[in-house]
Amino acid sequence: YPAMIADAYGEDQHYLAVPGSKDIKLTRTGAYGIYYEFSLVSASVDPPPMPPEIDCSLTSKSSGAEMEAAPDYVETNRYGTKDRDRTGVLIMSITVNKPDTYTFACHYQDGSTEPEIAVALGPNYFWEFLKVTGKISLSLFSTMTIICGSVLIGLMITVVVVIKRRGEI
């Protein structure tokens, strides 16, 4: 399980200045999050700065298929970086169906070009947490089912033996 957790949280993030676009290589399928990044000084202010209204998408380089990110603002789904003195808050989610090279693009909904902000595309930490928790829970449920089934079979054998012995007396 530690390896599953490390895999879920170990993937690199891809940073982008908005408005803008860049080519990125995504190496796994599944849920990705787009995080609005701001300085740690701003993060200490209560409430945190509201994310601007932007649209983001991924366009596959091999097939040309475009996927739009869905709004998914979760104020409490945050991360902090020590090396960049930044914090990020989840603002959008997108699902990748196959590993590929994609064009990651974001722009303001109203078409403006200022102010320039930073976003990061990386694992959707909330969904990765649920996925790992689900796998662990499934293993525990399977183990409990086996234990309960074994106890039930043992009790049934005991009842059959007791009934047969009473019939012999």
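These questions and answers concern a predicted model.

Colleague: Which element gives the largest share of the largest nonpolar core?
Modeller: That core has 25 residues, and I34, I54, L58, F104, V119 and L121 touch the most other members. Elements giving two or more residues to this core include β3 (30-39), β7 (86-96) and β8 (100-108). The largest share, five residues, comes from β7.

Colleague: Which residues does V119 touch, leaving out those up to four places away in sequence?
Modeller: V119 is among the core residues that touch the most other members. With residues up to four places away in sequence left out, V119 touches H14, Y15, L16, V18, I34, Y35, Y36, I54, I91, F104 and C106.

Colleague: Is S93 buried or exposed?
Modeller: S93 lies in strand β7. Buried means under 20% relative accessible area. The relative accessibility of S93 is 15%, so S93 counts as buried.

Colleague: What is the length of the polar contact between the side chains of S93 and D72?
Modeller: Beyond four places in sequence, S93 is in contact with Y32, A69, A70, D72 and N124. The side chains of S93 and D72 are joined by a polar contact of 2.5 Å.

Colleague: Where is P115, which a cis peptide bond joins to E114?
Modeller: Most peptide bonds are trans. The bond between E114 and P115 is cis, with omega about -10°. P115 sits in the loop between β8 and β9.

Colleague: What is omega for the cis peptide bond that joins V18 and P19?
Modeller: P19 is placed in the loop between β1 and β2. For the cis bond joining V18 and P19, omega is about 0°.

Definitions and conventions
Residues are numbered from 1 along each chain as its sequence is written. This is a predicted model: local features need pLDDT of at least 70, side-chain atom pairs count only at pLDDT 80 or more; totals for chains, interfaces and linings use all residues. Side-chain values use heavy atoms; hydrogens and water are left out. A nonpolar core is a set of buried Ala, Val, Leu, Ile, Met, Phe, Trp, Tyr and Cys residues joined through side-chain atoms within 4.5 Å. Buried means under 20% relative accessible area, exposed over 50%, partly exposed in between (1.4 Å probe, protein chains only). Helices (H or I, at least four residues) and strands (E, at least two) are DSSP runs, numbered from the N terminus. Contact means heavy atoms within 4.5 Å. A polar contact is a pair of N or O atoms within 3.5 Å; within protein, one must be able to donate a hydrogen and the other to accept it, and residues adjacent in sequence count only if both atoms are side-chain atoms.
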